[in-house]
Amino acid sequence: MSDDSILKVRDLYRTYDIKGGLFRKASTLTAVKGVSFDVKRGSTLAIVGESGCGKSTLARMLSMIDAQSSGSIEIGGMPIDIAKTGISREMRQMVQIVFQNPYGSLNPRQKIGHVLEEPLLLNTSMSAAERKALALEMLQKVGLQPEHYGRYPHMFSGGQRQRIAIARAIMMKPKLLVLDEPVSALDLSVQAQILNLLKDLQDEMGLTYVFISHDLSVVRYLADKVMVMYFGEVVEYGTRDEVFDDPKHDYTRTLFAATPQADVDSIRKRLAAKAA
Amino acid sequence: MPLLEIRNLRVEFDTAKGPFRALDGVDYTVEAGEVLAIVGESGSGKSVAMLATMGLLPDTATITADKMEFEGRDLRKLSAKERRKVIGKDISMIFQEPIASLNPCFTVGFQLSEALKVHTNLSKADRKARVLELMRAVGLPDPERRLSAFPHQMSGGQCQRVMIAMAIACAPKLLIADEPTTALDVTIQKQILDLLVKLQQDSGMGLIMITHDMGVVAETADRVIVQYKGRKMEEADVLSLFEAPKSNYTKALLSALPENATGDRLPTVSDFAGAGGF
């Protein structure tokens, strides 16, 4: 590749057919409307927007869970269109995803070791011993202990489960990691630990993140580039500082104004307004 | 006399492994016209305290307190019947999941008038008028049409507005809001918080906000109680809490906010705890 973009998306659309019924006509819903962007290797793109804006639909297309209706996705120079070509092992290794609710994404009857080894079992031809060695190495990398290998998901706290989900996602050494609200379900102090872990892993392994979130303070902390979506369209796209310092679109401004301010000056202002 | 005064509240749950103490000797006072925020992470006992006050905990819970008074009346001595007269009328509560708190089988109008039916002597026509007035007060558009709407036909923000309307139907003296905006988008969160604060200021009721979000605390509270593992870490007015937090736990919580990040890494709570925890 001439440039260092790992992900290229051009004019991406996704429509869903809504079935008609007794009282409703069949219709189509366009969840993602003509989205284009690039993500550089080793950087983080944050996608912000409220429920129903299409950010999770976009995540599903990037992680090859859903096919696009039209437009192109290119990951590491390879065009992705699973509706036409299906998914090969190489394609699966390129992208992994981490979801919001770590407990919901772990099988309660599967030991952690097996959770981590399963992607290798399915997609590579490693021996059992090699898989186990890699799983143990990964546990260490995300801040867990080797003795956690044989335990079940219910024996872990929410933050630890999210570490496991992250470990599973990076087992395949993906080119791109899609993080769909990975810290929204976590307590503030645990959120800080997971954000630190994500930063460390990025530095260490040169990972590229697409980070989906509704929390602007998290986005500001983590992102290199920010994309704001509203009703399936990109209304704002730029570097973090461009977007946060000088938001262009009305919706972005509304979003910033709605975010609670936890600094002393804002509290003072509010109390003064209340006393008046 | 404070509106709500609780001294040395303890809550224990019977579990298979013996009693678990969820709340260990915490005091709460709320004055009329005051917004108290109770903030803490999961397991801090913030919800348990208010559920104990409302009498909503299951039988496995043992509640003890030196004092538990609402307007000078001892809440512990109330019979179930007397308690029902207070709960829902003078003290009411809204919860995190608005869609789960509404009954999917009945219309919004029916559910709103139910509280009035139980607690007031209003006629059917008067109840309907009051319901419409409430729906306007919480900013639900087109209230006449919404009377016959079912919960699933409305968005999460609208359902939370209905819950708020229901909670203020009998003009309560104390409103307890347990994570009222956690399940909502930021723009909707802003609207709901503004609405709660406006209703509180207009009516002069006491408001208790239970939350884990320091941003929500900063935007709404007059006074703040910080809890951790069933104990009170700090109690202060909102400005002093953010300006000069006294307890190490509060300092840890504030510095874990991504917007307060100074270096490349976020400090975590364990960086602040001593060898024996907090």
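Start by colouring chain B by confidence: in this predicted model, chain B has a mean pLDDT of 91, and 98% of its residues reach 70 or more. For the model as a whole, the scores are ipTM 0.79 and pTM 0.85.

**Stop 1: the annotated span of chain B**

Select residues 6-254 of chain B. An unreviewed UniProt entry annotates this stretch as "domain: ABC transporter". Switch to a cartoon view and you will find that the span is 40% helix and 27% strand. Its end C-alpha atoms are 27 Å apart.

**Stop 2**

Now move to chain A and select residues 7-256. Here too the record is an unreviewed UniProt entry, and the annotation reads "domain: ABC transporter".

**Stop 3: a salt bridge inside chain A**

Stay on chain A and show the side chains of A:Lys55 and A:Glu181. They meet in a salt bridge, with N to O at 3.9 Å. The two partners come from distant parts of the chain, 126 residues apart. A:Lys55 belongs to helix 1 (residues 55-62), whereas A:Glu181 sits in the loop between strand 7 (176-180) and helix 7 (188-205). Over all chains, the count of salt bridges comes to 32.

**Stop 4: where the chains meet**

Next, bring both chains into view and select the residues in contact: 35 from chain B and 31 from chain A. The size of an interface is often expressed as the accessible area lost when the parts come together. Between chain B and chain A, about 3,000 Å² is buried, and carbon and sulfur atoms give 56% of that area.

**Stop 5: polar and charged pairs across the interface**

How many residue pairs are in polar contact between chain B and chain A? Counting pairs with both residues at pLDDT 80 or more, there are 13. Two salt bridges also cross this interface. For one of them, select B:Asp222 and A:Lys274, where the closest N and O atoms are 2.7 Å apart. Side chains of opposite charge can pair when their charged atoms come close.

**Stop 6: the chain B side of the contact**

Finish by hiding chain A and looking at the side of chain B that touches it. Which helices of chain B each supply at least two residues here? Select helix 8 (186-203), helix 9 (214-220) and helix 10 (238-243). Helix 9 gives the most, with seven residues. Colour this side of chain B by residue type and you will see 18 nonpolar, eight polar and nine charged residues.

Methods:
Residues are numbered from 1 along each chain as its sequence is written. Chains are lettered from A and ligands numbered from 1 in the order in which they are written. Side-chain values use heavy atoms; hydrogens and water are left out. Contact means heavy atoms within 4.5 Å. Buried area is the accessible area (1.4 Å probe) that two parts lose on being put together, summed over both. A salt bridge is a side-chain nitrogen of Lys or Arg within 4 Å of a carboxyl oxygen of Asp or Glu. A polar contact is a pair of N or O atoms within 3.5 Å; within protein, one must be able to donate a hydrogen and the other to accept it, and residues adjacent in sequence count only if both atoms are side-chain atoms. Helices (H or I, at least four residues) and strands (E, at least two) are DSSP runs, numbered from the N terminus. Ala, Val, Leu, Ile, Met, Phe, Trp, Tyr, Cys and Pro count as nonpolar, Asp, Glu, Lys and Arg as charged, and the others, Gly among them, as polar. pLDDT is the predictor's confidence in each residue, from 0 to 100. UniProt positions are given in the numbering used here, feature names are shortened, and annotations may be inferred rather than shown by experiment.
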